[in-house]
Amino acid sequence: MSSPEDPKGAEAPQGEGASSPDLLKSENGHPAEPHISYEPVTDASRSTSSTALVPAAKGGGGGGSTPPPPPPDSEDDGEEGGMLRMSFLEHLEELRSRILRAIGGVGVAFIISLTFCNELWHIVSAPAVGALKTLHYKGLYGGDPGLIQIAPMDYFNIVWVKLPILTAIFIASPWILYQVWGFIAPGLYKRERRWAAPFVISSAGLFVAGGLFGYFVAFRYGLTFLLGLGQSYSVTPMVSMVEYFDLFVDVILGIGLIFEMPVLIFFLTLLHIASPSFLIRHSRYAILAITIIAAIVTPTPDIFNMMLFAVPMCGLFYLGIFASYLLVLHREHKKFPWRPVLKWGGSSLLIVGIVAYFVLARHGYHFVTHWPFLTR
């Protein structure tokens with residue numbers, strides 16, 4: 001308690017000889033209440049604190065105050081490292097760099113492809129020659145059938161320019177996809193950038209698998225069907241190498257892009273645009289669209305050969321749904337039961353394969369190493 005003459009209480013002396021506040025005595029001998037002095041905030045300290053006064057050091061010495069800790073970073077998003085900040089010009093520079101690198105990779109693959117132009121042309125023209133031989137057509141002078149060169153520059157443009165470019169795109173597709181990922185990666189969080197290797201491997205693998213499927217299955221069968229349409233009406237086909245190569249590119253690249261369906265579905269889920277439940281609910285529309293596409297690619301009257309295209313496409317669609325489901329489980333910190341699924345799934349596929357084999361064998365079908373791979 002302070003005395004009546006000094007209602008504000010005894011003020012602690014300042015300087016080196018000041019006593020601690022708990023040892024101060026009032027005039028009546030009773031211990032005085034602890035006293036804490038306050039120092040005014042200077043202009044330098046006002047920028048780091050929102051209060052008007054700051055408690056002084058307990059020792060009573062001047063200038064010994066400890067500044068408050070800095071405020072937490074409000075931009076911390078809780079992820080394992082935020083996305084990189086880039087200006088608009090830096091984005092343009094990055095885009096220019098990635099495009100030049102992709103073109104450089106295609107250029108190297110193009111130079112390599114130039115050394116195998118004739119061998120590549122034999123591979124590309126093999127479906128046409130095989131279809132003409134299957135339909136028992138003859139060449140212009142009674143020899144083996146083949147493609148027709150109409151303009152003088154057709155062979156040079158196709159074999160030495162367009163074909164190496166197409167081959168270079170297929171060879172350099174992993175490098176091109178890596179550059180695409182490298183451009184969009186700065187806008188992703190560190191945890192999301194870990195998908196780089198799976199993205200490049202799966203995208204390039206599916207694209208190449210689609211091209212191989214189109215070459216060995218879709219293109220060969222479709223060409224045989226189209227060239228045989230007029231055979232019963234005394235129509236002899238003369239296939240230009242230019243028209244044939246354009247059709248070849250459309251089919252191979254088109255089916256290669258269709259095989260990217262699982263990757264597309266996965267990234268739609270990654271960007272929260274679609275979900276596995278949404279895709280399952282609307283799967284009937286996807287199956288209808290796939291069936292229409294299969295009917296266009298294989299204009300045949302029999303359902304069996306149309307299913308050769310529709311079934312793989314439907315399988316790719318559900319493969320994409322499964323990949324998106326795994327992504328959702330990863331977000332929810334759950335694990336997929338791989339062991340029981342592989343056990344029962346493998347057993348079911350084995351049983352279905354055995355049953356299908358006996359059914360086909362009973363109806364006189366057997367597998368061969370050439371197209372159509374299943375004959376009677």
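Helices (H or I, at least four residues) and strands (E, at least two) are taken as DSSP runs and numbered from the N terminus. The model is predicted, so local features need pLDDT of at least 70 and side-chain atom pairs count only at pLDDT 80 or more, whereas totals for chains, interfaces and linings use all residues. Residues are numbered from 1 along each chain as its sequence is written, and side-chain values use heavy atoms, with hydrogens and water left out.

View 1. Helix α2 spans residues 88-114 and contains I103. I103 is exposed, its relative accessible area being 54% (exposed means over 50%, buried under 20% and partly exposed in between, with a 1.4 Å probe and protein chains only). Together with F88, L89, L92, L95 and I99, I103 forms a nonpolar patch on the surface, a patch being made of residues with over 30% relative accessible area and no salt bridge, with nonpolar side chains (Val, Leu, Ile, Met, Phe, Trp, Tyr) joined within 5 Å and like charges within 9 Å. A salt bridge here is a side-chain nitrogen of Lys or Arg within 4 Å of a carboxyl oxygen of Asp or Glu. The accessible area of the patch residues is about 620 Å² together, by the Shrake-Rupley method with a 1.4 Å probe, where only the protein chains shown count as cover for residues.

**View 2. An aromatic cluster and an arginine.** One aromatic cluster is formed by Y215, F216, F219, Y244 and F248. R220 lies over the face of Y215, at 5.0 Å from the ring centre (CZ of Arg or NZ of Lys must be within 6 Å of the ring centre and within 35 degrees of the ring normal).

Notes:
Phe/Tyr/Trp six-rings, centres within 6.5 Å; stacked < 30°, edge-to-face > 60°.
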